[in-house]
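Subject: Structure handover and what I found in it

Hello,

Here is the structure I promised to pass on to you.

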Amino acid sequence: MAIDFSLYLVTGRELLPPGKEYLESLEEALQGGVTVVQIREKQSDTLEFLEIAQSSKILCAKYKVPLIINDRIDIALAVQADGVHLGQTDMPVHIAKSLLPAGTVIGVSCNDTGHVKKAIEDEVDYIGIGAVWGTTTKKLTSSVIGVRGVGSLLQVLDGTNIKAVAIGGINSTNILRTLHGSVSTSGHRLDGIAVVSDIVASSAPRSAAQRLKDTLDAWVHHFDVQSRLPRVYDVETIKNGVVELMQVIRDRGPLIHQITNVVVTNQSANATLALGASPIMATAPEEMHDLSRIPGGLLINFGTITNKGSMILAGQYANEAQKPVVFDPVGVGATQFRKTTASELLNAWQASVIKGNAGEMASLANSNEVQAKGVDSVGSGFADPVSFIREIAKRERCVAVMTGPTDWISDGTVVVQLENGHKMLGDITGSGCVVGTCVATFCAGASLLATAPGTSPGPELAKLVRGDMLIGAVGGVLALTVAAECAAERSDVHGSGTFLPALIDELYNLKPETLLSRAKVQVW
């Protein structure tokens, strides 16, 4: 039978709030838009489970919503359930099929690609991928795979008719992150999300379910439209877009919240001011929510990782506020701690832009083609930078910026090549970090432009960030590299010591016509 897996409710009576009866909660959830219900009763004896399943079946039938039983084939047979869900240590699928009526829906839990391949071999109807987030509603027998781990499992399903839902800690605050971040590099998205506590533990399950369903439907529509009609860019569109953002930044002065390393705090703040924005270098976790509500952008640079908790909160709050999040994983390949921290941050929130040199981007992609020495990239770079930057952008579901003698920027479809800059940028401390500041500033401009009066709001429920982040990223890189060329040509610049203040001056004095005439842009 065909099932709409979009909002998959897994019951848990132990989570019901005081005064809320189980069937009352279930009916309200069904009224709110739940499309399939799984009854999970791990602690109940057989008779109690049977009675719960029978009453649930009647209620689900009233709303024409399929009922699935967790684990217990006997209960599924007794109540004529529409399907069963099996864990990796439950009854094997081939035995379950031999016992159940033809057409019974069978789903299995999957935590790695081996599980998915076995599910395909067993010809199941759907898989439950997880746990995606940490959860207290079920004792986990496998590790949390994280949002970024879902896509590789979905890709194994390419070419099959098997559906997939994500489960584990999903709620109204992380549903967009889950849906957006889990799409595979081949474009395979989830068919639904499985939710427990966000609905069951709510005193208003109808509203909780409706909120989730509205967000999910909006995101699916937006994703499908974007997949069919990707935005087309050319050189002139990009240049003119960057110039427009320059003016927005100077007119609106967005707040650029920067959690950055101690080496570059001063020059990053000065670069922000020079572009016309306002910097704040706040690191206290207590400030993160309030700052996320002020129009602007967020830069997270972990050159010195001393505020991981604040980095996690800041990114999550920025996602909720649909603000740009620019991530600069400085020296990510230098230590295991940095690699682990980068993974933790990128699973906690969705980056709008990830910016790094070739060595840093290679480390994020688990590639050995380019090596890093501390915070520096070594070697000649990637043999095929166009393919590399496009693929990492697809995998991370954001704009990717790889800096170097040639800068490469991609949204996963388009690749932009920039040939501006000067070798003296490599002679000053933190020039790459200042690029991150400039990118965050231009992305903030793009966000402000997208929310300006008279602009179309678009499907806001479907977005983690507003504005064109590709143009924002290109603008940030161009602003700094063009300013660097202008600074290096000055007669008062004699070396790195005089180059840095000249660079800030040139950012401050950068004119649209200068950028337009100097920008060396190619589109792939």
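What follows is a walk through the features I found, one region at a time. Please keep in mind that this is a predicted model.

**The barrel**

Let's begin with the barrel. Eight strands form a closed barrel in the order S1-S2-S3-S4-S5-S6-S7-S8, and their pairing is parallel. From one strand to the next, the twist averages 25°.

Gln38 has Ile68 in S3 as its bridge partner.

Further along, S4 and S5 are parallel and share four bridges, with His85 partnered by Gly107 in S5. S5 is also parallel to S6, again over four bridges, and here Gly107 has Tyr126 in S6 as its bridge partner.

S4, helix H4 (residues 93-99) and S5 make up a right-handed β-α-β unit. The chain then goes from S5 through H5 to S6, and this β-α-β crossover is right-handed. Helix H5 (residues 113-121) packs on the sheet, where it touches strand S5 (105-110) and strand S6 (126-129). The direction of H5 makes about 165° with that of S5.

**Backbone details in the loops**

One is a cis peptide bond, from Gly130 to Ala131, with omega near 0°. Ala131 sits in the loop between S6 and helix H6 (150-156).

Lys64 has a phi near 55° and belongs to the loop between helix H2 (46-62) and S3. Is Lys64 buried or exposed? Its relative accessible area is 76%, so Lys64 is exposed, the cut-off for that being over 50%.

Gln80 likewise has a positive phi, of about 55°. You will find Gln80 in the loop between helix H3 (73-79) and strand S4 (83-86), and with 65% relative accessibility Gln80 counts as exposed.

Now please move on to an antiparallel part of the structure. Strand S17 (residues 407-410) pairs with S18 in the antiparallel sense over four bridges, and Asp407 has Leu418 in S18 as its bridge partner. S17 and S18 form a hairpin with four residues between them. In the turn, Gly412 has a positive phi of about 100°.

S18 also pairs with strand S19 (residues 521-523), antiparallel and over three bridges. Across that pairing, Gln417 stands opposite Gln522 in S19. Strand S18 (residues 415-418) is covered on both faces: Val415 and Gln417 are buried on one side, and Val416 and Leu418 are buried on the other.

**Helix H18**

How many of the residues of H18 are buried? The count is 19 of the 20, so H18 is largely enclosed by the rest of the structure. Its length fits expectation as well: at 1.5 Å a residue, the 20 residues of helix H18 (residues 469-488) should span 28 Å, and the end C-alpha atoms are 29 Å apart, which agrees. At the start of H18, a side-chain oxygen of Asp468 comes within 3.1 Å of the backbone nitrogen of Leu470.

**A buried glutamine**

Finally, have a look at Gln258, in strand S9 (residues 255-259). Its relative accessibility is 0%, so Gln258 counts as buried, a label that applies under 20%. What does the side chain of Gln258 meet there? It makes a polar contact of 2.9 Å with the side chain of Thr272. Leaving aside residues up to four places away in sequence, Gln258 touches several others, including Ser268, Pro279, Met281, Leu299 and Thr437.

Best wishes

Notes
Residues numbered from 1 in each chain as written. Predicted model: local features only at pLDDT ≥ 70, side-chain atom pairs only at ≥ 80, totals over all residues. Heavy atoms only, no water. Pairing = 2+ DSSP bridges. Helix = DSSP H or I, 4+ residues; strand = E, 2+ residues; numbered from the N terminus. Axes fitted to C-alpha atoms, helices over the stretch in contact; angles between N-to-C directions. Contact = heavy atoms within 4.5 Å. Buried < 20%, exposed > 50% of the residue type's maximum accessible area, 1.4 Å probe, protein only. Right-handed = clockwise from strand over helix to strand, strands pointing away. Expected span 1.5 Å × (residues − 1). Polar contact = N/O pair within 3.5 Å; in protein donor to acceptor, adjacent residues only side chain to side chain.
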